[in-house]
Amino acid sequence: MNQGKARSILALGTAMMLTAALAACSGNNTDGNGKNGDASATESAANPSGSGNASGAAADPFGKYDPPIEITTVRNLSDVVENNVLGVLKDEKLEDNRWSRLYEDKLGIKMKYNWVMKGDENSDQYLQKMNVTLASGDLPDLIPVNATQLKQLADSEQIEDMTSLYEQYASPLLKKILSEEGSGPFDAATFDGKLMAIPQTGSSIEQAQFVWIRTDWLDRLKLQPPKTMDDVLAISKAFAEQDPDGNNKKDTFGLAITKDLWGGAMGLEGFMAGYGAYPNIWLEDSSGKLTYGSVQPEIKTALQALQAMYKNGELDKEFGVKDGSKISEVIANGKIGMEYGQQWNSIWPLQLNKNNDPNAQWRAFPIASVTGDPAKIPLKFSTTKFFAVRKGAAHPEAVIKLFNMHVEKNWGETQENEYYYAPPDAESVWQLSTVQPAPPKKNLELFRTLDEVRKTGDKSKLTGEAKAVQQKLDAFASGSKDGFALWGWERIYGPEGAEGVVDQYDKNNQFLFDKFVGAPTATMVERQSTLEKMQNEVFVKIILGASIDEFDKFVQDWNKLGGEQITKEVNDYYASMKK
């Protein structure tokens, strides 16, 4: 992935061409350019099952099944989808919405959910439900899994080999998008030379964190934005002690953190990066070997700082038992003035605060470092979701058609981005789609396009997503109340927007990429979740006041309980990829 590897997915070429051609041959009704988001071709009458294309030739990426087929799968229902999408679009449901209708109308694919779990897809509840499903052997046709679950399915030979199918059915646009960050996502889904799932590539750079700060509180207390970590600590202290909300009560906190410690909102990755500490990613040391960031001594320094902040009342006293939704309520109520998170934080949770208090104002600032030099911005390997197909499923190629349609209607020649991605009346409508790939640098490129428009004043050539976002910015500038999270959008793409900081990070070469991008090693599968749970429990205990020496014991335990072996396996893989 983004680690500077020049290999594309075509590096899989030899293995892909050698594996058997088992794909279906759809009717061909493209426009001659390989792009046809509105294709209505039926499956070839000579091949009604859609399950045999011995030639291995390219098939129609948008061929429609006639009669329609039904594909079973499972999924989570996040707070964003439940509240900001389905809660706003009253005529749409998870099982019946613009995306499910598109898939049925244009592809002849009916989606059926065997079960839907409320909450985040990384939550314990969702993972337990998925693991029970995998263990039962009663698998849906389309199986959304993480890297560890994918390896388990591949090892047990319960899923289809997608190698030749991907080559045949993936549209040129899909192949371009999924390969933009290199071969890492495909490496992670490849076992014994076979592609065993379609990786839903994420954007590494969109994981970049900022320090979001209430600038109205900065102004009230006559403070400047932070240039160093000492500044960050001073701002936190002032927000907790100097009554920034003016109610004559000591009821505000400096920094938002949660019991889960990490994540795109209220996560500590950005805070720790200020100390040169990079938990949960693999780093290359001076000898060229990989080491795990969570066990490096810089983590200890960052934990000491957080412990002092907690002792001083700068963190919510109950953070150790509160998840993101609970801490977001504290933010919404105007009691926290700073948090580390990604660019979308202005839409959630910060928009909640703006809705309750129109005078509240937040802005994303670059992560500060101890020295004042530009901080390195840690980016974890971002492809964490894969779509596998149950062994024996009638139409294994159907998932690739779903992927094709998703990217086509959002960014292709027949795009309807303002309807299928982020329409004016709702947020994150794209999350209704069963699959959700996206171009890795699309948001940064979008910001640069809009920034050029601000300089030239010429909006005439804006199309697609850029046009839709500019309309939101214009609506916000006009003072319109007709639109969802207009302030939040402006805080991302406006002249002071978070994407402007991403632009700065990118131009300054500040990104620090996770160096391990392969499939989970054997010991990772067996021990990683236990090690992560132990890590987070120890870190929370230290912040709450336990001896800082607990960190040294954690490092010893981590190595003894599997970390040392994982490190060996990771380095063996890393060395093999350099050959």
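Biologist: How many aromatic pairs does the count come to?

Modeller: This is a predicted model, in which local features need pLDDT of at least 70 and side-chain atom pairs count only at pLDDT 80 or more, while totals for chains, interfaces and linings use all residues. Residues are numbered from 1 along each chain as its sequence is written, and side-chain values use heavy atoms, with hydrogens and water left out. Rings of Phe, Tyr and Trp (its six-membered ring) pair if their centres lie within 6.5 Å; planes under 30 degrees apart count as stacked, over 60 as edge-to-face and the rest as tilted. By this rule, the number of aromatic pairs is 24.

Biologist: Is the pair of Trp282 and Tyr292 stacked, edge-to-face or tilted?

Modeller: The two ring centres of Trp282 and Tyr292 are 4.8 Å apart. Their planes stand at 45°, so the pair is tilted.

Biologist: How many residues apart in sequence are the parts that this pair ties together?

Modeller: Helices (H or I, at least four residues) and strands (E, at least two) are DSSP runs, numbered from the N terminus. Trp282 belongs to strand S8 (residues 282-284) and Tyr292 to strand S9 (residues 290-292), so the parts tied together are apart in sequence by 10 residues.

Biologist: Which residue in S11 is the bridge partner of Ile213?

Modeller: Strand S7 (residues 210-214) pairs with S11 in the antiparallel sense over 4 bridges. In S11, the bridge partner of Ile213 is Arg363.

Biologist: Is Leu261 buried or exposed?

Modeller: Most residues other than glycine have a negative phi. Leu261, which is not a glycine, has a positive phi of about 70°. Buried means under 20% relative accessible area, exposed over 50%, and partly exposed in between (1.4 Å probe, protein chains only). At 1% relative accessibility, Leu261 counts as buried.

Biologist: What is the relative accessible area of Asn509?

Modeller: Asn509 is found in the loop between helix H20 (498-507) and strand S14 (511-513). Asn509 is exposed, and its relative accessible area is 59%.

Methods
Pairing = 2+ DSSP bridges.
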